[in-house]
Amino acid sequence: MKGILLIMIIACAYAGSQLSATVGESCDKNSNYNVQSFTVTPWPIIRTQQYTILMTGVFVEKEYVEQLYFATRLNRGFWHYTYQTVEKEYPKNTQANFTISIQAPAEKGAYTDQVTLHRHDFSSLACWQYDYDL
Ligand SMILES: *[C@@H]1O[C@H](CO)[C@@H](O)[C@H](O)[C@H]1NC(C)=O
């Protein structure tokens, strides 16, 4: 019994030690999705570990989101893309959240991550980005 309790306390302490941070800035002047919060957990990002992004916001115009692109680059090099299917229509003034779970790279350096929302014709309607170092 005591052993289980101890494990539970350690598990809770561990979960509690995962810090989050609201990071980044918009990279689209004419965004049709107004980001309310953009949170990365854990922050700072840890090499090779899974991290989660929660983006919350409001669609200021009616939009159909085909895909979310997650792009990352090291030391201002080429962008590497990961795609997430959304295929959903959002009426004007709809509040909507997007979550992305991604494994952090192993290589040390200066990274930029960028999250964009895309229409059926591939054009983007929102862009948010942040920098971090590993
Ligand atoms: C989005 O996340 C926020 C904060 O966690 C929450 O208050 C809101 O209800 C969520 N919205 C939707 C549509 O799930």
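## Ligand surroundings

A polar contact is a pair of N or O atoms within 3.5 Å. In this predicted model, a nitrogen atom of the ligand lies 2.7 Å from an N or O atom in the side chain of Gln95. On the side of Asn97, a polar side-chain atom is 2.3 Å from an oxygen atom of the ligand.

Which residues surround the ligand? They are Thr56, Gln95 and Asn97. On its own, the ligand has 360 Å² of accessible area, and the protein covers 33% of that area.

## Overall architecture

The protein chain contains 1 helix and 9 strands. Read along the sequence, these elements follow the pattern α-β-β-β-β-β-β-β-β-β.

Of the 134 residues in the protein chain, 37% are buried. The chain exposes about 8300 Å², of which carbon and sulfur atoms supply 55%. Among contacts with a separation of 6 or more, 62% are between residues 24 or more positions apart.

Strands of a sheet pair through backbone hydrogen bonds, in either a parallel or an antiparallel manner. In the present model, an open sheet of 5 strands has the order S2-S9-S8-S5-S6, and its pairing is antiparallel. The edge strands are S2 (25-26) and S6, each of which pairs on one side only.

Within this sheet, S5 and S8 pair in the antiparallel sense over 8 bridges. Arg73 stands opposite Thr112, a residue of S8.

## Thr82 in strand S6

Thr82 belongs to strand S6, which spans residues 80-90.

Leaving aside residues up to four places away in sequence, Thr82 touches Leu68, Tyr69, Phe70 and Ile102. One of these residues, Phe70, is 12 residues from Thr82 in sequence, while the C-alpha to C-alpha distance between them is 5.1 Å.

## Backbone geometry in the loops

Most peptide bonds are trans, and most residues other than glycine have a negative phi. The loop between strand S3 (33-41) and strand S4 (50-59) includes Pro42, and the peptide bond from Thr41 to Pro42 is cis, with omega near -5°. Pro44 also lies in the loop between S3 and S4. A cis peptide bond joins Trp43 to Pro44, with omega about 0°.

Where is Arg76 placed? Arg76 is in the loop between strand S5 (63-74) and S6. The phi of Arg76 is near 60°, a positive value in a residue other than glycine. Arg76 has a relative accessible area of 70% and is therefore exposed, the cut-off for that class being over 50%. Phe122 is found in the loop between strand S8 (110-118) and strand S9 (124-133). Phe122 likewise has a positive phi, near 75°, and is a residue other than glycine. Because its relative accessibility is 61%, Phe122 counts as exposed.

Conventions: Residues are numbered from 1 along each chain as its sequence is written. This is a predicted model: local features need pLDDT of at least 70, side-chain atom pairs count only at pLDDT 80 or more; totals for chains, interfaces and linings use all residues. Side-chain values use heavy atoms; hydrogens and water are left out. A residue is near a molecule or strand if one of its heavy atoms lies within 4 Å of it. A polar contact is a pair of N or O atoms within 3.5 Å; within protein, one must be able to donate a hydrogen and the other to accept it, and residues adjacent in sequence count only if both atoms are side-chain atoms. Accessible areas come from the Shrake-Rupley method with a 1.4 Å probe; for residues, only the protein chains shown count as cover. Helices (H or I, at least four residues) and strands (E, at least two) are DSSP runs, numbered from the N terminus. Buried means under 20% relative accessible area, exposed over 50%, partly exposed in between (1.4 Å probe, protein chains only). Contact means heavy atoms within 4.5 Å. Two strands pair if DSSP finds at least two bridges between them.
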